[in-house]
Amino acid sequence: MPHSRNASFWWAIASVLVAMVVIQSGASLAKTLFPVIGPEGTTALRVGFAALILSLVFQPWKKWPAKQDQKALWFYGISLGGMNLMFYLAIERIPLGIAVALEFTGPLAVALLSSKRKLDLLWVALAMAGIGLLLPWQTEATALDPLGVALALGAGACWAGYIIFGQKTGGALHGGTAVALGMAVAALFLFPIGLVSAGSTLFSWSVLPFAFAVALLSSAIPYSLEMVALKRLPAQSFSILMSMEPAIAALAGLIILAEQLSLLQWLAIFSVIAASLGSSLTAGKKPVTEVVS
């Protein structure tokens, strides 16, 4: 029996790690579509395909939300769509690992603002130090695009909204149903944006298979793996593992997109990771919100 529990624990850890690798590989693949259909078109197809896949899996029409829960669902879907669009617009301008580190400030802020412990001031300071190192103060060639930085921080703000409204929606609906409906809401307003931006190229047969692969890698596969992990891991362990995501994103950007980061930028990423890790290690027992990013 103990052996079975240990095997289940390690399988859950492997699921989270694979999910993060798959998500960031999906983001790297998505970036290769930008020259053809732009980040707006890529987001539209990714979210559209993801909504279709999740709807087929979870069949959300069987459990429609009550009238009083629909407002939270709309805000949840808008936050989800805004997070995806701004993140893709950001990685068009700045390296993937840096964008993920900046985006991570959203959930980190939600965690820290909900706590009143003095120790959390240390994690705030570490996160602010990391952001400060990434802000485009420099004038040399390694300076980051200011708009890209602003968009990544905007994606983080949307991620915070996704968590807040996701908890409200998830309380009324099954997690899979809530995400499927939220993704459908996001697709409703993102698809027209992508269509205006990319035009008929959006439906090109040379684009659609790659967009479908991005949807699988960025939503369907990692979401399924995270669902497996959440059933077997404590919330704190899950949060600690998720803290590694900016580093995995930076490695994916390096390997797949050949995005080279400076030593200072790596230091900034690890400052954000340390803040997230510290917050997770010292946090009380809190529910984990499933993330589709």
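The model is predicted, so local features are reported only at pLDDT of at least 70 and side-chain atom pairs only at pLDDT 80 or more, whereas totals for chains, interfaces and linings use all residues. Residues are numbered from 1 along each chain as its sequence is written, and side-chain values rest on heavy atoms, with hydrogens and water left out. The protein contains 11 helices and 0 strands, where helices (H or I, at least four residues) and strands (E, at least two) are DSSP runs numbered from the N terminus.

**Overall fold**

- Along the sequence the elements follow the pattern α-α-α-α-α-α-α-α-α-α-α.
- Of the 293 residues in the protein, 52% are buried; buried means under 20% relative accessible area, exposed means over 50%, and partly exposed covers the range in between, with a 1.4 Å probe and protein chains only.
- Among contacts (heavy atoms within 4.5 Å) between residues at least 6 apart in sequence, 87% join residues at least 24 apart.

**Nonpolar cores**

- The largest nonpolar core has 66 residues, and those with the most contacts inside it are Leu45, Phe87, Leu96, Ile98 and Leu102; such a core is a set of buried Ala, Val, Leu, Ile, Met, Phe, Trp, Tyr and Cys residues joined through side-chain atoms within 4.5 Å.
- Helix H1, residues 2–58, gives the most to this core, with 12 residues.
- A second, separate core comprises 9 residues, including Ala12, Ile13, Leu241 and Met242.
- In soluble globular proteins, nonpolar side chains tend to be buried together.
- Leucine 102 touches Ile94, Ile131, Leu134, Val149, Ala152 and Leu153, when residues up to four places away in sequence are not counted.

- Helix H3 (residues 96–103) and helix H4 (residues 105–113) pack at an angle of about 20°, with their axes 5 Å apart; axes are lines fitted to C-alpha atoms, for helices over the stretch in contact, and angles run from 0 to 180 degrees between N-to-C directions.
- H3 and H4 are therefore roughly parallel to each other, given that angles under 35 degrees count as roughly parallel, over 145 as roughly antiparallel, 65 to 115 as roughly perpendicular and the rest as oblique.
- On the H3 side Ala101, Leu102 and Glu103 take part, and they meet Thr105, Gly106 and Pro107 in H4.
- By class, this contact of H3 with H4 has 3 nonpolar, 2 polar and 1 charged residues, where Ala, Val, Leu, Ile, Met, Phe, Trp, Tyr, Cys and Pro count as nonpolar, Asp, Glu, Lys and Arg as charged, and the others, Gly among them, as polar.
- Leucine 153, in helix H6 (residues 146–172), touches Leu102 and Thr105, not counting residues up to four places away in sequence.
- Leucine 153 is partly exposed at a relative accessible area of 29%, and its C-alpha atom is separated by 9.5 Å from that of isoleucine 131, 22 residues apart along the chain.

**Helix H9**

- Isoleucine 240 lies in helix H9 (residues 235–242) and is partly exposed, with a relative accessible area of 21%.
- Beyond residues up to four places away in sequence, isoleucine 240 touches Leu277, Ser280 and Leu281, while its C-alpha atom is separated by 8.4 Å from that of glycine 278, 38 residues apart along the chain.
- Leucine 241, also placed in H9, counts as buried at 12% relative accessibility.
- The C-alpha atoms of leucine 241 and serine 276, 35 residues apart along the chain, are separated by 9.9 Å.

**Helix H5**

- Leucine 126 belongs to helix H5 (residues 120–134) and is partly exposed, its relative accessible area being 25%.
- Leaving aside neighbours within four places in sequence, leucine 126 is in contact with Ser271, Ala274 and Ala275.
- Leucine 126 and alanine 275 are 149 residues apart in sequence and 5.4 Å apart in space, C-alpha to C-alpha.

- Helix H10 (residues 245–257) has 13 residues and reaches 17 Å from its first C-alpha to its last, close to the 18 Å expected at 1.5 Å a residue; the expected span is 1.5 Å times one less than the number of residues.
- The buried residues of H10 are Glu245, Pro246, Ala247, Ile248, Ala249, Ala250, Ala252 and Gly253.
- Alanine 258 follows H10 and sits in the loop between H10 and helix H11 (263–282), where it is exposed, with a relative accessible area of 55%.
- Phi of alanine 258 is near 55°, a positive value in a residue other than glycine.
- Most residues other than glycine have a negative phi.
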